Amino acid sequence: RHEVVAPYRRMAGEAYLQTDEPLFGLGNLRATLRRSRMEYAIAAQNSDLRGHELRFWSRHWFGIDVTAALSGEHDAAGSLPRRRRDSSLGLQWQERKLTITASLVYAREGQGGVERNRTVFQFLAKRDF
């Protein structure tokens, strides 16, 4: 993309490996790697984002869907390096028109010397009529 105000070049790619059948009869697994680079005329605006994710999902006991994921990103190209790490666990149970969902997410983000940690728990019960 060429602009007069902020010309840049962008390159992006993603690769993943995923199981179609449950691994060892337990659940499915997906591993993802991605990279996105943006090069501006001014180097301080550059971005070289590298990310990864490992995700597991399964449907087992009493029809409960379980999802667990670990992911992260790192960008060292700009004036301040950025990083992010997420861990999550999700459960979902559905019986006819009743759905119960619970999720727990822990995120750790940092840019330069500033760091932020978040923990979120969410519980949802939904009945369709």
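**Salt bridges and strands**

Reply: Arginine 59 counts as exposed, at 55% relative accessibility (buried is under 20% relative accessible area, exposed over 50%, partly exposed in between, with a 1.4 Å probe and protein chains only). This is a predicted model, where local features need pLDDT of at least 70, side-chain atom pairs count only at pLDDT 80 or more, and totals for chains, interfaces and linings use all residues. Residues are numbered from 1 along each chain as its sequence is written, and side-chain values use heavy atoms, with hydrogens and water left out.

Me: What does the side chain of arginine 59 meet in a salt bridge?
Reply: Aspartate 65, at 3.0 Å from N to O. A salt bridge here is a side-chain nitrogen of Lys or Arg within 4 Å of a carboxyl oxygen of Asp or Glu. Aspartate 65 is partly exposed, at 26% relative accessibility.

Me: How many salt bridges are found in the whole structure?
Reply: The search finds 15. One of them joins glutamate 73 and arginine 34, whose closest N and O atoms are 3.7 Å apart. That pair links distant parts of the chain, with glutamate 73 in strand 4 and arginine 34 in strand 2, 39 residues apart. Strands are DSSP runs (E, at least two residues), numbered from the N terminus.

Me: Which residues are linked with Arg34 in a network of salt bridges?
Reply: Glu73, Arg84 and Asp86. Aspartate 86 and arginine 84 have their closest N and O atoms 2.3 Å apart.

Me: Is arginine 84 buried or exposed?
Reply: Arginine 84 is buried, because its relative accessible area is 17%. Aspartate 86 is partly exposed, at 22%.

Me: New topic. What is the order of the strands in the sheet?
Reply: The open sheet has 7 strands in the order 1-2-3-4-5-6-7, with antiparallel pairing (two strands pair if DSSP finds at least two bridges between them). Strand 1 (8-18) and strand 7 (114-127) stand at the edges with a single partner strand each, so one side of each has no neighbour in the sheet.

Me: How many buried residues does strand 1 have?
Reply: The count is 1 among its 11 residues, so strand 1 is hardly covered by the cut-off of under 20%. Strand 1 pairs with strand 2 (residues 28-40) over 11 bridges, in the antiparallel sense. Arginine 10 has methionine 38 in strand 2 as its bridge partner.

Me: And what stands opposite arginine 50 in strand 4?
Reply: Histidine 74. Strand 3 (residues 47-59) and strand 4 (residues 64-75) pair in the antiparallel sense over 11 bridges.

Note on methods:
Helix = DSSP H or I, 4+ residues; strand = E, 2+ residues; numbered from the N terminus.
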